[in-house]
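Reader: I would like to learn how to read a model like this one. Please show me the structure and take me through its features.

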Amino acid sequence: MQVFHVPLEERKYKDINQFGEGDQAKVCLDIMHKTGAHLELSMAKDQGLSIMVSGKHDAVMKARKEIVSRLQTQASATVAIPKEHHRFVIGKSGEKLQELELKTATKIQIPRPEDPSNLIKISGTKEGLEKAKHEILLISAEQANSYTVSSVSAPSWLHRFIIGKKGQNLAKITQQMPKVHIEFTEGEDKITLEGPTKDVQIVHGQIEVIVTDLVSRMDYTEISVDPKFHRHLIGKGGANINRIKELHKVSVRIPPDNEKSNLIRIEGDPQGVQEAKKELLELASRMENERTKDMIIEQRFHRAIIGQKGEKIKEVIINFPDPTQKSDIVQLRGPRNEVEKCTKFMQKIVENSFSVSVPIFKQFHKNIIGKGGANIKKIREETNTKIDLPAENSNSEMIVITGKKANCEAAKNRILAIQKELANITELEVSIPSKLHNSLIGSKGRFVRSIMEECGGVHIHFPTEGSGIDAVTIRGPVEEVEKAKKQLLSLAEEKQTKSHTVELRAKPEYHKFLIGKGGGNIRKVRDSTGARIIFPTAEDKDQELITVIGTEEAVAEAQKELEALIKSLDNVVEDFMIVDPKHHRFFVLRRGQVLREIADEYGGVMVSFPRTGTQSDKVTLKGAKDCVEAAKKRILELIEDLDAQVTMECVIPQKFHRSIMGPKGSRIQQITKDHNVQIKFPDREDQQGKYYKVKEPADPLVPKKCDVIVLSGRKERCEAAVEALKALVPVTIAVEVPFELHRYIIGQKGSGIRKMMDEFEVNIQVPAHELQSDIISISGLASHLDRAKEGLLERVKELQAEQEDRALRSFKLIITVDPKYHPKIIGRKGAIITQIRNEHEVNIQFPEKNDENQVTGWSLKIFLHKCEMISEDITLDSRVHARIIGARGKGIRKIMDEFKVDVRFPPSGAADPNLVTVTGRPEQVDEAIDHLLNLEEEYAPDMSSSEEFPSFGAPVTNARSSPWGPKRF
């Protein structure tokens, strides 16, 4: 407990008549509430205020501080102590300062470290001011006697080397002398030391030694480089500058862009500094001579290019325009070769970034993907495109194809072909003047989207704006396409005559009610007035806006009807209805899902059921009058369904349950939705079939629990749902297929059978090879089995036809041909024999030496290539052989091609080096020999050994014995 006295002249609240009341009393109560201390006030004779504070010590001290600051007038004073002593007044984590403020009941303000002032400001009572000043001066005096401040001269650029990497060098000193405070000031060539005198002296000496050593072996320099080249000097990911630092063991500081400075500082070993300087200046000089090139690239491709990692572009700076400028000019700057390489690379990216969106009905997306993604993967690989499908839970039907334009078109056609094959899809072109296209599309596509939704989701494609093309394409089911065509033409006619538009507003929760179930309400308005009414979609920003378009009279009439409906919806009423408590749980189950659906459907009407356990049957409905009435009607329908609800069992073996459910339970969800029933599948039996204990032998007539599916709902709906479930039970049929064809049906690595299973959505089981069975089993939905069976039998017919073809091709004939004619039959590089094979569809095999030829093929197309051929030997001087043959056989090939003969020269080391063999038809052989002998005469004068040739005047001997053969004229 402590007593504090506040003199009259220092009291904040001096109105004696209000003692115990007013502001002073409120302040005291607030202090007690804040601190937990108890305050008792009394008035002294001198009109001073005595306050007795009781409680815990901390609470009393806090209360004292609050009393001084809130009930006593404040004075202020300053005290000057050396700046380096301020931190001792603050203490560790400010603890000393807090202690002083509590002890003296004052507020002490110490200037920030960067403030050069040494004045400490104190505010509080006169008594507190004196105490605080005294305490602060005592702390300063203590430090002055035991602490000293010193400084060491050190160039500022050496500071970081003194500190060391991650402060390692400095840490060694501070670990030895923890009481010494070392301060580095940026830009100043000194280091400040503060601490115990003896410790400061030791640290001063250590740092001086480090500085002297660094000055003797370190240097720095600054170079001036235009800031526009700094990025290039740094390189991609700092590659250039890091290489220079590592190579020359230096530190390089390149100023950031915001400094707009051209000074680059290099520090380190003197030699390394000079080498780094030289290399950086060379790089800068090279950049001054670099090439700058502008490319025109559509802005829509910029993001794709920026997003690329660009591993192939290392030395080029690419400047893209600001997206807000809507410019297509991209600037490249760098070495000439790299700029060219970058240009080609970017052109390739643009070429491969063509994109096209294909609208495909949502139900066919799974067929586009195929089993395990087989279809989509095949299309991607064969067209070399990227194909993105919308998420399964998305409402979008657009499939986006990216790649080269031609490839995108090919992929688009293949995807559309799949859709066309699966459904009765037609495509129709309607001619509508291009000037009306924008008005038919509407703001953000609102008008055309409303037509597409109303006509069963047909796809309507308008030509590109500005193309001048009038043709509008409509794609979808035949009936819906015709319906959309009529609406488009009707709307276009209205636009051309006297189209009028009006906008109305209604709360989004009213829209569903205004539209009505299946669009019934809004269709009535349209039919009666002839106006078109368009509601906002989920993507539209303004969710209240309803647009009415049509002739002026139709729009006015529709506007009147809609405004009346909206006005009635704004008339909020509260109503009650009686619902048996046994049905309450159905409505509030699953966090009130049924009630949420009712609210969505009927203009946001609020339905409140009584709390659980209250036994009340009164249900409150609040909302627009029409909505409340409609909601009541719907609740009564649901209750009627619940009262008429039955439970029915459907026995289907558990092994078929997974198949019935379908992927992610899609089939069962569809049945539940279509027939408005609840379906519960049993728990799975364990592997040993011991899900439940059986004390007595099971009755074979009683179904197992794990096979029983329970349905609940109206009787007629449950019965329809049971039929739908049974229709999903896979059926197995047997198809007889000759055993020898099984491997062809399976195909390479099972590709054939997988293709059939994907195509017909069935499972095909081929018996094991060792069974040698002809029976193939097909399992699946009954509706799929007939198609699968037909497909399998069709495949069997194809395979049997191929077998017959192979049997016919297996005929073999062996003929004898003299081996010396083989090269002629084969021809140059096999040209003749290939022609014979292709022309007569036969396979001809040439034997090894001394074997016979084998010809196999069609028995009715046996070809015997008989021709009258001769082979004649002539004597041709071996010295002219090389000239006749020519470089790489060019000369002799020309002769053989010209005369259609085969010419064989003797191999080296032959008994008669002058013997040459010519083979072919008789007349062609004669002509070829004449030509060869003429060449011999032509080349003879060039031979060095001319004495070996007879003179022209010498008598001619027998032609056959002449060394160059018979002379021919």
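Author: Start with contacts: two residues are in contact when heavy atoms of theirs lie within 4.5 Å. Among contacts in the chain between residues at least 6 apart in sequence, 68% join residues at least 24 apart. This is a predicted model, and the chain contains 35 helices and 39 strands.

Reader: How many residues does the chain have, and what percentage count as buried?

Author: The chain has 969 residues, and 37% of them count as buried.

Reader: What is the average pLDDT of the chain?

Author: The general idea is that pLDDT gives the predictor's confidence in each residue, from 0 to 100. Here the chain averages 78, and 85% of the residues score at least 70. Two stretches call for caution in reading. Residues 687–697 have pLDDT below 50, and this stretch makes seven contacts beyond near neighbours in sequence. Residues 852–867 are also below 50, with 49 contacts of that kind in the model.

Reader: How do I read a sheet, and what is the order of the strands in the one that holds β19?

Author: Strands of a sheet pair through backbone hydrogen bonds, either parallel or antiparallel. In this case three strands form an open sheet in the order β19-β21-β20, with antiparallel pairing. Strands β19 (425–431) and β20 (459–461) are at the edges with a single partner strand each, so one side of each has no neighbour in the sheet. From one strand to the next, the twist averages 20°.

Reader: Which residues stand opposite each other along β21?

Author: Strand β21 (residues 471–477) is joined to β19 by seven bridges. Along this pair, Ile 425 is opposite Pro 477, and Leu 428 has Ile 474 as its bridge partner. On the pairing with β20, β21 has three bridges, and His 459 stands opposite Arg 475.

Reader: Is β21 largely enclosed or largely open?

Author: Here the cut-off matters: a residue is buried when its relative accessible area is under 20%. Five of the seven residues of β21 are buried, so the strand is largely enclosed by the rest of the structure.

Reader: What is the strand order in the sheet that holds β22?

Author: The order is β22-β24-β23, in an open sheet of three strands with antiparallel pairing. Edge positions go to β22 and β23 (532–534); each has a single partner strand, so one side of each is left without a neighbour in the sheet. The twist averages 20° from one strand to the next. Six bridges join β22 to β24, and His 500 lies opposite Gly 550 of β24. Helix α22 packs on this sheet, touching β22, β23 and β24, and its direction makes about 10° with that of β22.

Reader: What about nonpolar cores, and which residues have the most contacts inside the largest one?

Author: In soluble globular proteins, nonpolar side chains tend to be buried together. The largest nonpolar core here has 39 residues, and Phe 587, Ile 598, Val 607 and Ile 635 have the most contacts inside it. Elements giving two or more residues to this core include β22 (500–505), β24 (545–550), α22 (552–570), α23 (584–601) and α24 (625–643). Helix α24 supplies the largest share, seven residues. Leaving out residues up to four places away in sequence, Phe 587 touches, among others, Val 579, Ile 598, Phe 609, Ile 635 and Leu 638. A second, separate core has 21 residues, including Met 452, Phe 462, Val 481 and Ile 549.

Reader: Is Lys 632 buried or exposed?

Author: Lys 632, in helix α24, is buried, with a relative accessible area of 18%. Beyond its neighbours within four places in sequence, Lys 632 is in contact with Asp 575, Phe 576, Met 577 and Leu 621.

Reader: How should I read the "coiled-coil region" annotation, and which residues does it cover?

Author: UniProt annotations may be inferred rather than shown by experiment. According to the unreviewed UniProt entry, the "coiled-coil region" covers residues 548–575. In the model, residues 548–575 are 68% helix and 25% strand, with the end C-alpha atoms 33 Å apart.

How values were computed:
Residues numbered from 1 in each chain as written. Predicted model: local features only at pLDDT ≥ 70, side-chain atom pairs only at ≥ 80, totals over all residues. Heavy atoms only, no water. Pairing = 2+ DSSP bridges. Helix = DSSP H or I, 4+ residues; strand = E, 2+ residues; numbered from the N terminus. Axes fitted to C-alpha atoms, helices over the stretch in contact; angles between N-to-C directions. Buried < 20%, exposed > 50% of the residue type's maximum accessible area, 1.4 Å probe, protein only. Core = buried A, V, L, I, M, F, W, Y, C linked by side-chain atoms within 4.5 Å.
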